[in-house]
Amino acid sequence: MRVKGTNDVRETFRKSRPRQNPTYQLDAGQISPQRTVVSLRQERLEFGCSLSAALWISEPVGFAHRASLFLAIVHKQLRGTVFPKFETIQIEVWRAWQLRRLGKGHVGTRASRMDVASSEKGSEGRSYRDVRGFWDTVEEEADTKPKQENFNWLEQWYPISVLKHMDKKQPYAETILGRDLAVWWDRNAGRWQVFDDACPHRLAPLSEGRIHESGHLQCSYHGWTFNSCGSCTLIPQIDQGREQAQNNKRACVKVYVSKEHQGILWVWMDTAEGAEQRAAANPPPTIPMLDDPSFVVDIGMSHLNYGWEMLVENLVDPSHVPFAHHGLQGNRNAARPINFKLVDSHIQGFEAHRDQRNRLEFHAPTLSRMDFFLPPPKTPKGHPLALKLREWIMSSKKTKEAEEVKAQVSVIAMCVPVTPGKSKLLFAFPRNFGKIAHWLTPRWFGHLTHMTVIDSDLMFLHKLEHKLAELGGNTEKVYYTPALADTCVIEFRKWFRKYANSQVDFGPKSSATLPPTPARREFFDRQASHVARCMICQGAAANFKKLETVLQVLPFAAVGLVATAALNSWRSISRFSVPLVCLAVASAVASKLLSQFITKHYEYHDYNHALVD
């Protein structure tokens with residue numbers, strides 16, 4: 001049986017408009033609009049020099065694709081060629097790019113690698129088995145090529161907290177990648193332990209427990225107690241058979257691998273078999289400046305009301321600093337183009353440079369580092385004798401090594417994914433200059449400055465994340481980034497799509513939606529975001545409140561003393577009546593100002609960009 005002529009094929013095309021999406025079948029000489037033509041979504045693409053009548057197209061295709069296929073069939077050898085049912089169909093493709101284009105549209109790049117054979121003399125004897133052998137060879141070559149690697153979120157180190165900010169007297173509740181953790185100090189082992197925050201008895205949070213007299217972690221609900229290995233050591237509700245119950249595997253708590261590194265407690269989130277070996281083979285990232293004595297550094301921490309991806313995107317975007325942090329770390333009137341050039345990109349992150357002055361690095365999934373190399377200071381002005389004295393002092397201290405060292409300040413940020421719409425930031429600003437000023441500045445004052453910087457872009461990053469989620473989350477479509485300053489932002493989003501499929505592995509909370517926007521007072525709550533987790537700021541806030549109490553009591557004491565002296569004619573005290581009254585007034589004013597200071601810096605601080613000059 002022979003196939004109908006080309007006029008019939010054109011008539012069939014005319015009837016099959018794209019809106020109707022009819023499908024076709026290459027049957028024994030018949031073209032019927034009731035069934036599908038040749039399937040190009042089979043596991044093996046078994047056409048090129050031959051087409052088997054057993055292949056079917058599983059989805060409707062557009063007019064251009066149908067035309068490319070049928071033109072390949074009807075050209076030259078269509079006339080007079082017999083199409084036996086379920087036998088090999090010999091064809092010649094008159095243009096290789098048509099078949100390649102068709103294959104790309106349905107099965108991806110594998111089709112574009114096809115070798116289109118000619119049906120000249122000698123090709124008529126090629127059998128279906130020969131074609132299958134050809135495609136087996138192609139498939140084997142494709143399998144030998146490296147496959148796309150996916151980022152493993154669990155087999156990574158994540159920072160929990162700064163060691164000097166942690167209280168060893170009580171356990172902490174932490175959440176990383178949607179997994180709830182209980183962090184506690186094991187005095188028997190002399191190290192911090194990280195457990196799953198659920199007692200195996202009735203799933204009560206172990207972070208609400210206490211450190212038992214034995215040094216083990218005790219659940220405060222029913223008193224079950226666990227040692228550093230997660231094994232149960234006490235079940236108070238059992239007398240007989242207690243040891244058997246305690247040794248049961250179901251009585252154990254899941255333990256995470258943890259490590260103290262550069263003043264930070266880290267946790268390895270993978271708990272599968274062999275996790276300790278994998279964690280030992282992949283240590284936490286090392287930041288040289290944190291151990292370098294020529295640098296001064298202090299590490300802070302804050303909990304944020306927006307997600308991990310927004311946090312990283314913001315940190316690899318230096319061009320926002322003059323505007324978002326105007327008056328704190330930059331000046332909106334001094335903003336200049338920042339042209340970054342990508343120098344490296346891989347599954348573990350990327351790196352970009354801006355001449356010799358600026359270097360930015362992202363090490364997945366936590367570390368963002370930006371180095372600034374400052375130009376040498378300008379020639380100082382002043383009296384010639386003072387300049388000579390200064391030059392003599394500096395020359396006596398300088399060495400050849402010191403002259404080669406450039407002034408450097410870095411922005412170190414460790415980003416922790418908590419849950420959808422929540423993240424945690426550990427930050428530091430190490431520098432190799434201004435050491436005296438650093439030593440003279442109280443640590444609590446530096447924390448207040450850093451918290452103000454974080455609050456200055458908190459609200460619009462939160463709203464930006466919600467707006468992006470409403471628009472589908474595809475930054476390629478909704479972002480317009482024509483400037484080179486957005487190079488690292490674009491690269492991060494590419495990395496997030498390519499290696500992580502634009503998703504963070506939040507485990508059981510992966511399907512959770514973004515949390516709603518809280519009230520402004522709750523949104524900028526300093527107590528919850530920082531003070532409650534920082535012993536330095538807790539101590540400073542407590543001392544300020546004690547001072548506030550003293551200032552509140554002092555006016556009453558001064559006025560009372562003046563009144564008593566006047567009634568009892570105490571001349572020795574009456575002479576100081578005016579100073580005492582002034583002291584009372586000053587104390588009352590100072591108490592009011594101190595109360596506002598405590599509220600603003602340790603409880604609630606709103607930030608309005610429109611009011612910042």
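Start by selecting Lys168 and Trp185: Lys168 lies over the face of Trp185, at 4.0 Å from the ring centre. A charge counts as sitting over a ring if NZ of Lys or CZ of Arg is within 6 Å of the ring centre and within 35 degrees of the ring normal. Before you click on, note that this is a predicted model, where local features need pLDDT of at least 70, side-chain atom pairs count only at pLDDT 80 or more, and totals for chains, interfaces and linings use all residues. Residues are numbered from 1 along each chain as its sequence is written, and side-chain values use heavy atoms, with hydrogens and water left out.

Keep Trp185 on screen. Trp185 is buried, with a relative accessible area of 16% (buried means under 20% relative accessible area, exposed over 50%, partly exposed in between, with a 1.4 Å probe and protein chains only).

Now zoom out to the strands. Strand 7 (residues 179-186) runs antiparallel to strand 8 (residues 191-196), and six bridges join them. Strands here are DSSP E runs of at least two residues and helices are H or I runs of at least four, numbered from the N terminus; two strands pair if DSSP finds at least two bridges between them. Pick Asp186 and you'll find it opposite Arg191 in strand 8.

Colour the whole sheet next: it's open, with six strands in the order 5-14-13-8-7-6 and antiparallel pairing. Which strands stand at the edges? Strand 5 (157-162) and strand 6 (172-176) do, each with a single partner strand, so one side of each has no neighbour in the sheet.

On to the rings. Rings of Phe, Tyr and Trp (its six-membered ring) pair if their centres lie within 6.5 Å; planes under 30 degrees apart count as stacked, over 60 as edge-to-face and the rest as tilted. That rule gives 23 aromatic pairs. Select Phe151 and Trp495: their ring centres are 5.2 Å apart and their planes at 70°, so this pair is edge-to-face. Phe151 sits in the loop between helix 5 (128-144) and strand 5, while Trp495 belongs to helix 17 (residues 487-500), 344 residues apart. Phe151 is buried at 7% relative accessibility, and so is Trp495 at 1%.

From Trp308, step along helix 9 (residues 308-315), where seven of the eight residues are buried. Trp308 is one of the buried ones, as are Met310 and Glu313.

Last stop: Arg431, whose charged end sits over the ring of Phe433, 6.0 Å from its centre.
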